[in-house]
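Here is a short tour of a protein model. Have the sequence and the 3D view open while you read, and look up each residue as it comes along.

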Amino acid sequence: MLKLCVNSIRKNSTFDHQIILHINENSDGTKKWAEKNKIDHTFSKQNIGICLAMNVATTLVRTKYICYMNDDMYALPLWDKFLFDEIKKIGHDYFFLSATAIEPKGSKSNKCKLSSFDYGKTVENFNEKSLLNDFEKFKKNDWCGATWPPNIVAKKIWDLVGGYSIEYSPGMYSDPDFSMKLWKIGVRYFKGLGKSRVYHFISHSTKRIQKNNGRKQFLNKWRLTNSTFSRYYLRRGKIFNGPLNEPENTFGYKIALLKSKIKNSLHLS
């Protein structure tokens, strides 16, 4: 899947990107392959999780922007052009953008993705030709939230918030935590682009690791549940109509804050 991902970036991108990998363990020859193909990479003998891996990998960045993509994704034509066109239109660096993932049948549906499309769940049964022929036909509005990869952020903003929070290692809930850190410094332009697309195989590698209790960590850190942050702050999945405002002081928001307060006090007791 990593080879397919890298090849798709090289084949389907508008721009010539610096590709950086973080390689955990190297039990399958990935490091040797990266060296042979002259791909920038960092390495750890153990699986250090996504948070620390991202922070280590970004020390090699030579560009103004950082785009994070999972290794079980296939970049579709013009994915990067739509993102960069949006950046030029915004005109400043206080943004967080996402591409839209197309996922196979059986994946969990949500308003930020295009779900239930059958182009394969493995490299062996991946129907690349049909996907390339079909992907532009699917309609998708731009959406609010921009929490999930592929996403792009200005390097100076990444550095300002300190990258990914390693207390979430190996990485559960590190994505919304990063979005919250952006919110705290004043970022309000959270946008998922309907035309910028990747195919996501949905690898199940996280089943092999000991997961952190990210839900509880997020609540204890921010005194707010992730669901409240996603619904009332990021408005995740709603049709994008401009930079976000502070949450409206509705009855539903007040109840959500009360629930967050009660859950937090129970967890801390």
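Lining residues have an atom within 4 Å of a point. Grid points are joined across faces, edges and corners, and a volume is the space filled by probe spheres set on the points. This is a predicted model, so local features need pLDDT of at least 70 and side-chain atom pairs count only at pLDDT 80 or more, while totals for chains, interfaces and linings use all residues. Residues are numbered from 1 along each chain as its sequence is written, and side-chain values use heavy atoms, with hydrogens and water left out.

**The second largest pocket**
- The second largest pocket has a volume of about 470 Å³.
- Its lining has 21 residues, and those closest to the centre are Arg231, Tyr232, Arg235, Arg236 and Lys238.
- Helix H9 (residues 226–233) gives the most to this lining, with 3 residues; helices (H or I, at least four residues) and strands (E, at least two) are DSSP runs, numbered from the N terminus.
- Sorted by class, the lining of the second largest pocket has 8 nonpolar, 7 polar and 6 charged residues. Here Ala, Val, Leu, Ile, Met, Phe, Trp, Tyr, Cys and Pro count as nonpolar, Asp, Glu, Lys and Arg as charged, and the others, Gly among them, as polar.

- Buried means under 20% relative accessible area, exposed over 50%, and partly exposed in between (1.4 Å probe, protein chains only).
- In a regular strand the side chains alternate between the two faces of the sheet.
- Strand E3 (residues 65–68) runs antiparallel to E7, joined by 4 bridges; two strands pair if DSSP finds at least two bridges between them. Cys67 has Ile152 in E7 as its bridge partner.
- Strand E5 (residues 95–102) is also antiparallel to E7, with 2 bridges. Ser98 is partnered with Asn151.

**The cavity**
- There is 1 cavity of 30 Å³ or more, and the largest cavity holds about 40 Å³ of space.
- Residues lining the largest cavity include Met54, Cys67, Phe96, Trp158 and Phe178.
- E3 supplies the largest share of that lining, 3 residues, and E3 and E7 each supply at least two.
- The lining of the largest cavity divides into 9 nonpolar, 1 polar and no charged residues.

**Phe178**
- Find Phe178 in helix H7 (residues 174–184). Phe178 is buried, with a relative accessible area of 1%.
- Leaving out residues up to four places away in sequence, Phe178 touches Phe96, Val153, Trp158, Val161, Gly163 and Tyr164 (contact means heavy atoms within 4.5 Å).
- Phe178 and Tyr189 are 11 residues apart in sequence and 14 Å apart in space, C-alpha to C-alpha.

**Cysteines**
- The structure holds 0 disulfides, a disulfide being a pair of cysteine sulfur atoms within 2.5 Å.
- Cys112 is in no disulfide either, with the nearest cysteine sulfur, that of Cys144, 8.9 Å away.
- Cys67 is partly exposed at 32% relative accessibility, whereas Cys112 is buried at 4%.

Methods: On a 1 Å grid over the protein atoms alone, a cavity is a set of points where a 1.4 Å probe fits but cannot get out, and a pocket is an open set with protein on both sides within 12 Å along at least five of seven lines; lining residues have an atom within 4 Å of a point.
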